[in-house]
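I opened my notebook to look up a few things in this structure.

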Amino acid sequence: MWLVLKANRVGQSEWLKMFKPPFDPYVELMPHESGDQLLILKSKELDGLTTLKDTLNAGDGIVRTLNGVAGGVVFAGSSVELDGASEMRDGRLIRHMMLRTETAHFSIGRGSAEFQAIIRDNDGNIVVPTPAPTSAQRRYAASRASDFLTHALNYCAGEPGWFDLYKAMECLEQAGFNPRGKGRAEMDRFSRTANWFYRHHDRRNEQKRPSKPMDLRDARRLLRSRVNDALDQLARHTQDDGASARPSP
C-alpha cells in the first residue's frame with residue numbers, strides 16, 4: 001500500500017521537490033476517479049505491509065520523520081499530514097480514507113526547498129546531471145540507520161517547543177554527535193535559555209539568568225541545522241563504507 005498525504009499548496013510543492021522518484025521515499029501526484037490529484041507517498045518500508053491498520057501505523061512514524069527532514073531543508077515547520085492510504089486494484093487507484101480532527105498550522109519566513117542550477121559546457125550545451133537522491137532523501141535514509149537521529153528529527157518536526165528541542169539535542173549527543181562543536185557559543189546560548197525559562201520547574205539552583213535569551217525561531221533553526229549536520233555526516237560515512245566494500249574492477 002501507499003500513503004495519501006494532505007498538504008497545502010506550498011507544502012505539496014516543497015515535498016514534490018524534496019522527495020523525487022525513483023529514489024526512496026518519494027511522492028507524486030496521481031489522478032483519482034473523483035477528479036482529484038492525490039499526493040501519494042511511496043516507500044520501501046510500506047512494501048511488506050498488507051493491512052490498512054499496519055500501513056497507517058507505520059505511516060504515522062514515517063510522515064513525522066519526513067516532516068522533521070523537510071523542516072531542516074526549508075528551515076520552517078513542515079505540516080504535511082497523513083490522510084489515509086491507497087492502492088491499485090485492477091488499474092484503479094483505490095483510496096482508503098482516514099478521519100482526524102482538523103488543526104491549524106501557521107509559519108513565518110519559509111526558506112526554499114531546493115535551488116536548481118543550470119550548468120553548461122565549453123560549447124554552451126546544457127549539462128544534464130546524473131540523477132541522484134535529493135538531500136532530503138539522503139537524510140531520511142541516514143536516519144533509518146540511527147534510532148536516536150530518527151527521534152531527533154521527530155522532536156524537530158512541526159513547530160517544536162523548547163522541551164522538544166532540548167530533547168533533540170540530547171538525542172544528538174546519545175547518537176555520538178557533538179552538537180556544540182561548530183558554533184559552540186550559539187549552542188551554549190540555546191542551552192542556557194532552554195534550561196532557565198522552559199526546561200526546569202525549580203530554577204533556584206540553576207545558573208544565572210541569560211542576559212541575551214535566544215528566540216524560539218532561532219532555536220528551531222539551530223537545532224535543525226545540527227540534526228542536518230549529523231545526518232549528512234552519517235550519510236557520508238555510510239557512502240564511504242559502501243564504496244570501500246565494493247570490489248575493484
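I looked up the contacts of L41 first. Leaving out residues up to four places away in sequence, L41 touches W2, L3, L5, P25, Y26, V27, L46, I62, V63 and L66. I kept in mind that this is a predicted model.

Next I turned to the nonpolar cores. The largest one has 48 residues. L41 is among those with the most contacts inside it, along with L5, W15, M18, F19, F190 and L223. Which helix gives this core its largest share? I found that helix α2, residues 52–74, supplies 8 residues. In soluble globular proteins, nonpolar side chains tend to be buried together.

Then I checked how α1 and α2 meet. Helix α1 covers residues 9–18, and its axis comes within 11 Å of the axis of α2. The two axes cross at roughly 90°, so α1 is roughly perpendicular to α2. On the α1 side I listed E14, W15 and M18. They meet V63, L66, N67, A70, V73 and V74 in α2. By type, the residues of this contact are 7 nonpolar, 1 polar and 1 charged.

My last entry is on T150. T150 sits in helix α4, which spans residues 147–156. Is T150 buried or exposed? Its relative accessibility is 12%, so T150 counts as buried, the cut-off being under 20%. Beyond residues up to four places away in sequence, T150 touches T65, S143 and R144.

How values were computed:
Residues are numbered from 1 along each chain as its sequence is written. This is a predicted model: local features need pLDDT of at least 70, side-chain atom pairs count only at pLDDT 80 or more; totals for chains, interfaces and linings use all residues. Side-chain values use heavy atoms; hydrogens and water are left out. Helices (H or I, at least four residues) and strands (E, at least two) are DSSP runs, numbered from the N terminus. Buried means under 20% relative accessible area, exposed over 50%, partly exposed in between (1.4 Å probe, protein chains only). Contact means heavy atoms within 4.5 Å. A nonpolar core is a set of buried Ala, Val, Leu, Ile, Met, Phe, Trp, Tyr and Cys residues joined through side-chain atoms within 4.5 Å. Axes are lines fitted to C-alpha atoms, for helices over the stretch in contact, and angles run from 0 to 180 degrees between N-to-C directions. Angles under 35 degrees count as roughly parallel, over 145 as roughly antiparallel, 65 to 115 as roughly perpendicular and the rest as oblique. Ala, Val, Leu, Ile, Met, Phe, Trp, Tyr, Cys and Pro count as nonpolar, Asp, Glu, Lys and Arg as charged, and the others, Gly among them, as polar.
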